[in-house]
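Biologist: I am new to this one. Can we go through it together, step by step?

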Amino acid sequence: MKRRRLLAMAGAGAVGALAGCGGGSDATGESLEDHPAAANYREQPRIGELGGHVVLAFEDPSCQRCAAFHENTVPKIRSNLADSGTGAYVVRTYPVVFPWGKPATQALEATYARDDEAFWSLFEHYFATRSQFTVDNVFERTASFLNAETSLDGDAVAQDARDEAYDDAVQADIAAAENAGLGETTPVILLFRDGEFVTKVNGSVGYEVIAEALGEAN
């Protein structure tokens with residue numbers, strides 16, 4: 001069950017810190033199940049299967065350092081952790097950088113409600129072409145991309161985003177960040193080694209930082 005359905009049914013209302021685009025629960029050993037940043041983590045977009053390590057990232061689609069993290073580090077998370085079955089990369093959207101990130105996050109949630117693969121395609125598209133987006137054109141450009149590159153009805157997604165049809169899911173991510181005291185720097189990445197919190201890092205950190213914290217080879 002996707003998280004927006006779960007939220008609707010429920011009536012949902014360190015290794016190092018690097019500079020991000022720009023607090024909380026930092027108790028080493030805290031369970032993934034109990035950490036406030038991980039609330040409903042099973043319902044979030046992810047690469048890889050749960051059960052081992054978890055790389056939980058809060059990211060803004062308008063953030064330059066989030067884009068760098070996706071370009072340079074996420075592929076190594078996929079190949080070294082997700083593909084090997086030893087870990088998963090879980091993402092939560094956290095629009096705190098440029099203003100167009102907020103409507104883009106609404107569009108991402110409307111997309112994820114329909115199709116996981118389309119969500120990742122749109123997420124990466126935002127990062128790759130972020131300089132082309134503004135508050136005024138984000139819905140139109142999102143619809144055009146989804147219509148051209150996915151099987152979704154991009155216009156329907158854009159309308160849902162305008163209407164904030166999946167705002168419960170958007171607010172759940174923001175609440176998780178606030179409850180964990182993460183501040184407003186992105187990306188912020190929480191690392192859980194076999195279900196226990198190890199550390200929090202900020203910025204476009206390399207895979208070697210993540211591997212060291214999780215006790216994995218670089």
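Modeller: Start with a definition: buried means under 20% relative accessible area, exposed means over 50%, and partly exposed lies in between. Keep in mind that this is a predicted model.

Biologist: Is R114 buried, exposed or partly exposed?
Modeller: The relative accessibility of R114 is 33%. Buried needs under 20%, and exposed needs over 50%. R114 therefore counts as partly exposed.

Biologist: Which residue forms a salt bridge with R114?
Modeller: The closest N and O atoms of the pair are 2.7 Å apart. R114 sits in the loop between α4 and α5, and its partner is in helix α7, 46 residues apart. The partner is D160.

Biologist: Which residue meets D173 in a salt bridge?
Modeller: D173 lies in helix α8 and its partner in strand β3, so the pair ties together parts that are 81 residues apart in sequence. Both residues are buried. The N to O distance is 2.8 Å, and the partner is R92.

Biologist: What is the relative accessible area of E33, which meets R42 in a salt bridge?
Modeller: The two side chains meet at 3.1 Å, N to O. R42 counts as partly exposed because its relative accessibility is 46%. E33 is partly exposed too, with a relative accessible area of 49%.

Biologist: How far apart are the end C-alpha atoms of helix α8?
Modeller: Helix α8 covers residues 167-179, which makes 13 residues. The expected span takes 1.5 Å times one less than that number. The result should be 18 Å, and the end atoms agree, because they are 18 Å apart.

Biologist: Which residue takes a positive phi just after α8?
Modeller: The buried residues of α8 include A176 and A177. Just after the helix, phi is about 65° at G181.

Biologist: How many disulfides does the structure hold?
Modeller: A disulfide needs two cysteine sulfur atoms within 2.5 Å. For C66, the nearest cysteine sulfur is that of C63, 3.3 Å away. C66 is in no disulfide. The number of disulfides in the structure is zero.

How values were computed: Residues are numbered from 1 along each chain as its sequence is written. This is a predicted model: local features need pLDDT of at least 70, side-chain atom pairs count only at pLDDT 80 or more; totals for chains, interfaces and linings use all residues. Side-chain values use heavy atoms; hydrogens and water are left out. Helices (H or I, at least four residues) and strands (E, at least two) are DSSP runs, numbered from the N terminus. Buried means under 20% relative accessible area, exposed over 50%, partly exposed in between (1.4 Å probe, protein chains only). A salt bridge is a side-chain nitrogen of Lys or Arg within 4 Å of a carboxyl oxygen of Asp or Glu.
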